[in-house]
Amino acid sequence: MSTYRIKPIHKLNHSAKRKSKILLAIIAALLALGVVISAMAMVSVFGILLPDQEEVTGIDGTGVNIGDIQISKIGEGQIPKEYIPIYKAAGEKYNIPWTLIAAIHRVETHFGQDLNTSSVGAIGHTQFMVKTWVGWSYPGGTRLGDAAISKDVLTNPAMIKKYGGFGVDGDGDGRADPYNVTDAMYSTANYLGANGGASGNYQKAVFAYNHASWYVSRVMGFMNSYTNGSVEVVSIKGVSAKGSAAIEKAIQVGSSIVGKSPYVWGGGRNQSDIRRWQVS
């Protein structure tokens, strides 16, 4: 006759509790992993700063000799040749490196290949919000800078002057049109110059253009790749640095997320980053 040994009830309960603890530990580990993945996704999507990243709002630059900037081999292969004289003329007028203007044009609309209006209303070759273009004293509109402004007003230099906008009639045809590449580049240089770029604070100026450090890193990275030679470009935390070494520092700030963020709003900012005078 066979005999079966039955475990005591208290031993069965102990075994069940042990299995429950193991299961709970596995669930907790999976939840923790999910939190990490979610955090990484938020960094990718919204440009949230990582702990080892730094803001670039307080950077002082030493400036460059605008006439000394030469195009690199990479720039020759990527930048449309017909735009180079426009970048140079706009840069000379507002004391901005022309390769920086080219870099913003590249990042914003891939040199004008995508001129669709953004989801919040940013328009043109370099994705200005209409109230930044015509001026924030223009009545109405949203806190992000979108507004129902007629084309006659938006492109009228007199109206732009009246309302304090950054739109510029770069080609002298009497209209300041964000879809006109010359007007757009002059306006971009105007905005960068007014926000620190004219005195050499290029990272600060780009940060004002789009309030996200990954964007600054991406633009400065393109500028660096388009520029040949070593020139005084920017100083980091008050210490002067030359050429690519300085810009490489900027690239490192957002290297973990550059190229991973979906491009939205022309500049990729979330709403809490928007200030009323900024360009999207």
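A residue counts as buried when its relative accessible area is under 20%, as exposed when over 50%, and as partly exposed in between, with a 1.4 Å probe and protein chains only. S187 is buried by that rule, because its relative accessible area is 0%.

The model here is predicted, so local features need pLDDT of at least 70 and side-chain atom pairs count only at pLDDT 80 or more, while totals for chains, interfaces and linings use all residues. Residues are numbered from 1 along each chain as its sequence is written, and side-chain values use heavy atoms, with hydrogens and water left out.

Stay with S187. This serine sits in helix α8. Helices are DSSP runs of H or I with at least four residues, strands are E runs with at least two, and both are numbered from the N terminus. The S187 side chain reaches the backbone nitrogen of V168 at 2.8 Å. That is a polar contact: a pair of N or O atoms within 3.5 Å, where within protein one must be able to donate a hydrogen and the other to accept it, and residues adjacent in sequence count only if both atoms are side-chain atoms. Setting aside neighbours within four places in sequence, S187 is in contact (heavy atoms within 4.5 Å) with F128, W133, F166, G167 and V168.

F128, W133, F166, Y191 and Y209 are linked into a cluster by ring pairs. Rings of Phe, Tyr and Trp (its six-membered ring) pair if their centres lie within 6.5 Å; planes under 30 degrees apart are stacked, over 60 edge-to-face, and the rest tilted.

The whole structure holds 11 aromatic pairs. One of them joins Y138 and Y163 edge-to-face, at 5.0 Å centre to centre and 80° between the planes. Y138 lies in the loop between α5 (130–134) and α6 (151–154), and Y163 in helix α7 (residues 157–163), so the pair ties together parts 25 residues apart in sequence. Both Y138 and Y163 are buried. W214 and Y215 are also edge-to-face, because their planes meet at 85° with centres 6.1 Å apart. W214 is buried at a relative accessible area of 2%, and Y215 is buried at 0%.

Now turn to helix α4. Of its 12 residues, 12 are buried. They include W98, H105, R106 and E108. These buried residues pack against elements including α3 (84–94), α8 (181–194) and α10 (213–226). Just after α4, H110 takes a positive phi of about 50°.
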